[in-house]
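Please keep the structure open beside the text while reading.

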Amino acid sequence: MNALINFAQSRTAWLVLTATALALELAALFFQYIMKLDPCVMCIYQRLAIFGILFAGVLGTIGYQSRIARIIAMGLWGTSAAYGLKLALELVDMQTNPSPFATCSFLPEFPSWMPLHEWIPSIFMPTGMCTDIPWQMMGVTMGQWMIVAFTVYLLALLIFFIPALLSKK
C-alpha cells in the first residue's frame, strides 16, 4: 500500500496522466490532418474532455506535493473523464442506432464567452457527421475506443484517489 501511496503522490504518476492525454490529443490531430478523417461535434467535445484531463495532469505535475493541488487536479480529471465517457456513449448510440430525430449539431455549442471553434478552428471546428463511422480497429469504432479510454481514466482515478489524499508514512 505504501508503494501505491508513494506513486499516487509522485510527479511520475501525474506525468503519466499528462502523457496519455497528450498522446490522445496528438492521435486525434493525426486522424484529422494525416488520415483526413473529419471530426464530428461529439468528437470535438470529447477532445475538449481530453484537454481537461491533460490540464489536470499538468496541474498535478506542478502541484504534486500539495494535497489541495492534487484534490483540484483529481476533481478536474474525474469531471473530464466522466463527461467524456458520457459523450462517447452518446456518440456510439447515435452511430449504432441512427435516427433522423437524434442527430448532433453542425457547430459546437460552446459558451459565448469561450467560442473555441472560432478561436482555434483547426482543433475545435467540427467538419464531420456524428453518424459516420470513418475508422475502425479490430472491428471497434473510434467512439467505442474512446469509451474504453475514458473508462480506464475513471478506473485509474478510482484506484489513485484515496492513496493520493493519504499522508506519506
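## Helix α2

In this predicted model, the 23 residues of α2 should span 33 Å at 1.5 Å a residue, and the end C-alpha atoms of the helix are 32 Å apart, which agrees. The helix covers positions 11–33, and its buried residues are Ala13, Trp14, Leu17, Thr18, Ala21, Glu25, Phe31 and Gln32.

Which elements do the buried residues of α2 pack against? Their partners are α1, α3, α4, α6 (121–124) and α7. As background, an α-helix has 3.6 residues a turn, so residues three or four places apart point the same way.

## The nonpolar cores

The largest nonpolar core has 25 residues, and those with the most contacts inside it are Trp14, Ile50, Ile53, Trp77, Phe150 and Tyr153. Two or more residues of this core come from each of α2, α3, α4 and α7, and α7 gives the most, with 8 residues. Ile53 illustrates how such contacts are made: when residues up to four places away in sequence are not counted, Ile53 touches Leu17, Ala21, Trp77, Ser80, Ala81, Phe150 and Tyr153.

Apart from this core lies another, of 13 residues, among them Met42, Tyr45, Cys104 and Cys130. Leu87 has a relative accessibility of 4%, and because buried means under 20%, Leu87 counts as buried. Between Leu87 and Ala19, which are 68 residues apart in sequence, the C-alpha to C-alpha distance is 22 Å.

## The largest pocket

The largest pocket has a volume of about 630 Å³. Of the 31 residues that line this pocket, the closest to its centre are Ala28, Phe31, Met142, Gly143 and Met146. At least two lining residues are supplied by each of α2 (11–33), α3 (41–62), α4 (67–96) and α7 (142–165). By class, the lining of the largest pocket divides into 21 nonpolar, 6 polar and 4 charged residues.

About 270 Å³ of space lies in the second largest pocket, where, of the 16 lining residues, the closest to the centre are Val16, Leu17, Trp77, Tyr153 and Ala156. The helices α1 (2–8), α2, α4 and α7 each supply at least two residues of this lining, and the largest share, 7 residues, comes from α7.

Which classes of residue make up the lining of the second largest pocket? It has 15 nonpolar residues, 1 polar residue and no charged residues. Trp77 and Tyr153, which are among those closest to the centre of this pocket, are also among the residues with the most contacts inside the largest nonpolar core.

## Loop residues

Two residues other than glycine have a positive phi. Lys36, in the loop between α2 and α3, has a phi near 60°, and with a relative accessible area of 61% Lys36 is exposed. Met138, in the loop between β1 (136–137) and β2 (140–141), has a phi near 55°, and with a relative accessible area of 69% Met138 is exposed.

Leaving aside its neighbours within four places in sequence, Tyr64 is in contact with Gln9, Ser10, Arg11, Trp14 and Arg70. Tyr64 and Ala164 are 100 residues apart in sequence, yet their C-alpha atoms are 9.1 Å apart in space.

Glu109, in the loop between α4 and α5 (116–119), counts as exposed at 63% relative accessibility. The C-alpha atoms of Glu109 and Tyr45 are separated by 9.4 Å, although the two residues are 64 residues apart along the chain.

Terms used
Residues are numbered from 1 along each chain as its sequence is written. This is a predicted model: local features need pLDDT of at least 70, side-chain atom pairs count only at pLDDT 80 or more; totals for chains, interfaces and linings use all residues. Side-chain values use heavy atoms; hydrogens and water are left out. On a 1 Å grid over the protein atoms alone, a cavity is a set of points where a 1.4 Å probe fits but cannot get out, and a pocket is an open set with protein on both sides within 12 Å along at least five of seven lines; lining residues have an atom within 4 Å of a point. Grid points are joined across faces, edges and corners, and a volume is the space filled by probe spheres set on the points. Helices (H or I, at least four residues) and strands (E, at least two) are DSSP runs, numbered from the N terminus. Ala, Val, Leu, Ile, Met, Phe, Trp, Tyr, Cys and Pro count as nonpolar, Asp, Glu, Lys and Arg as charged, and the others, Gly among them, as polar. A nonpolar core is a set of buried Ala, Val, Leu, Ile, Met, Phe, Trp, Tyr and Cys residues joined through side-chain atoms within 4.5 Å. Buried means under 20% relative accessible area, exposed over 50%, partly exposed in between (1.4 Å probe, protein chains only). Contact means heavy atoms within 4.5 Å. The expected span of a helix is 1.5 Å times one less than its number of residues.
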